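Here is a short report on one structure. Look at the sequence and the 3D view before reading on.

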Amino acid sequence: MSASYWESTQRLKWQHTRESLSAERHQLWLLECQLFPQGLTVTMENTKGLGQPMTRTIPITNFDMHYGKDYNLRIYCYFLIMKLGRRLNIRQYALATAHVYLSRFLLRASVRECNLYLLVTTCIYLACKVEECPQHIRSLVNEARSLWPEFVPPDPTKVTEFEFYLLEELQSYLVVHHPYRSMEQIVQAVRLEPYALALSAEDLQNTWSLINDSFITDVHLIYPPHVIAMACFFVIVCLQKPQRVKYQETFNRFMAESQVDLAEVMNTIQDLIALYDCWDKYNEPWIKFLLHSLYLRRS
Amino acid sequence: MIAQTEYSKEKKVGEGTYAVVYVGTKLSNERRIAIKEIKTSGFKDGLDMSAIREVKYLQEMQHVNVIELVDVFMAQKNLNLVLEFLPADLEMIIKDTSILFTQADIKSWLLMTLRGVHHCHRNFILHRDLKPNNLLLAPDGQLKLADFGLARNMGSPQDFLTSNVVTRWYRAPELLFGARHYTGAVDIWSVGIIFAELMLRIPYLPGKDDIDQIDVTFRALGTPTDRDWPEISTFGTYNKIQVYPPPSREELRRRFIAATENALNLMCGMLTMNPHKRFDPTQCLTSEYFVELPEPTTPSELPKLTPK
């Protein structure tokens, strides 16, 4: 927690509306279509086991590998950040910051023009510095290389160089406020009269996990952190077994009286529901295959 | 972030460990600015933590008593911070023996410093390097906190902070004892020492090294006891230090001849050994000292450096 959210660059410089977000993405889409009109040609093994490998061209206008449209890519990015973060025991707060950096960066640049694995490594490197838990560049690069040896170059200066571009695309606005802190404040607030609601440790844990997942969606580019925290709480409270009607009623009353923008809360919930729908169809081998074809072809 | 052509670098005015400072002009409106060029040391370790901290915090803060970060741009593989141009600092004024300043001037500088510190603290930011040299003076007399290279957010209780912060002479006792958890009180201590320095015109507690600093501090202000600071015996080094009696009010009056009783109250409040009992920025700003006469000098009428 540093500086106030209301005066923050997150709100004043980096808060989008859905319209401005899609306008910006459309710009990038046009640019990508211009830069890579030929799409991506991939070579696939013949699944029947026999015969020649076949080649297939994926047109640039397909949703694949456009961060704005491809949920496979988004979920994959989330796992990349988690994987590297867990290896190094990095605090969730710093990983959340890294994820926001990644989403901001991919609003301005395509995964076709940069190395996603290097981007993930760099986002974590910068976020750790900003959140005051700096990682040694060598150990970070070593870990990243042990996970993705073909894609992360051994030379650490590649990361520091990328850090520079990242900072530029972020317009050097580095402080990010996350819903975790708001979550704690909500817990404090509902505990007081007239609500006197003690949320269970399990509910807190689930809310925390839901917040982690929310980074896959666009809500962090659109809504303030307390709205996201409220939405995640609401979902978790809703999923209670039916005998806990009282619990849900009290929470709903708290939410209604909290003066948090309910329309924004509902929109966030909608995004989360959409996310889990996409997650059911998540096809990791496919996105991995596409990215690897893309990067290995180039080198 | 605007291209470099927007600004001109004219003269090199200083060089620190991680940056070179130039004066220049913003070409579109002829505004005088300072450009801090961060050395990237050939991308070996990436951007220095101090540079990150400075960018991070200054982007978020706008206050008349905090230096303004006008812009950030990248050029020739260097990160450049465009800052407002502040030609003097408080250290230069204190050292320039040709300048006389009054109690009202001191009050004005102290007031502006405390306003800046208050703004940082209410945004949960610790400065951690307050000293006259980092209090810059604008041409219109406004004082601005600068150099946020050591700043950080107030930690949550589980965070360990380093006690190796703040220039030695301005270091609070809990830091001298190596505390890993501390609060905004470390900044208030520094301001208290700066207040004393403004009245004395020489550094108040100039320790020769870290060990000597402990001695100098407690000789002047008395060794704290566990009666007024119960946690003190938990610091490992506490038992080994010399015990000095606290100075009597009379001794302080003799040392700070021109100070009023309210001025001494404020100074003692800021230089309280126990960080829990030390004044916070609000207590300082609402002190009687700022209400009694003389009124603080209007910034534009404060003494300035004599042009050489």
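## Confidence

Among the elements of chain B, which has the lowest mean pLDDT and which the highest? The lowest belongs to strand β1 (residues 7-15) of chain B, with a mean of 85. The highest belongs to strand β9 (residues 143-145) of chain B, with a mean of 96.

Keep in mind that this is a predicted model. Chain B as a whole has a mean pLDDT of 89. In chain B, 97% of the residues reach 70 or more. The scores for the model are ipTM 0.85 and pTM 0.89.

## Where the chains touch

Chain A and chain B are in contact. Chain A puts in 24 residues, and chain B puts in 21 residues. On the chain B side, α1 (49-60), β4 (69-75) and β10 (152-153) each supply at least two residues. The most comes from α1(B), which gives seven residues.

What classes of residue make up this side of chain B? Twelve are nonpolar, four are polar and five are charged.

## A helix pair in chain A

Now turn to chain A. Helix α5 (residues 116-130) of chain A packs with helix α6 (residues 137-147) of chain A at an angle of about 145°. Their axes are 11 Å apart. The crossing of α5(A) past α6(A) is right-handed.

Which residues make the contact? From α5(A) come A:Tyr117, A:Thr121, A:Ile124 and A:Tyr125. From α6(A) come A:Ile137, A:Leu140, A:Val141 and A:Ala144. By class, the contact of α5(A) with α6(A) has seven nonpolar residues, one polar residue and no charged residues.

Key: Residues are numbered from 1 along each chain as its sequence is written. Chains are lettered from A and ligands numbered from 1 in the order in which they are written. This is a predicted model: local features need pLDDT of at least 70, side-chain atom pairs count only at pLDDT 80 or more; totals for chains, interfaces and linings use all residues. Axes are lines fitted to C-alpha atoms, for helices over the stretch in contact, and angles run from 0 to 180 degrees between N-to-C directions. Helices (H or I, at least four residues) and strands (E, at least two) are DSSP runs, numbered from the N terminus. A crossing is left-handed if the near helix is turned anticlockwise from the far one by less than a right angle, and right-handed if clockwise. Two residues are in contact if their C-beta atoms, placed from the backbone, lie within 7 Å. Ala, Val, Leu, Ile, Met, Phe, Trp, Tyr, Cys and Pro count as nonpolar, Asp, Glu, Lys and Arg as charged, and the others, Gly among them, as polar. pLDDT is the predictor's confidence in each residue, from 0 to 100.
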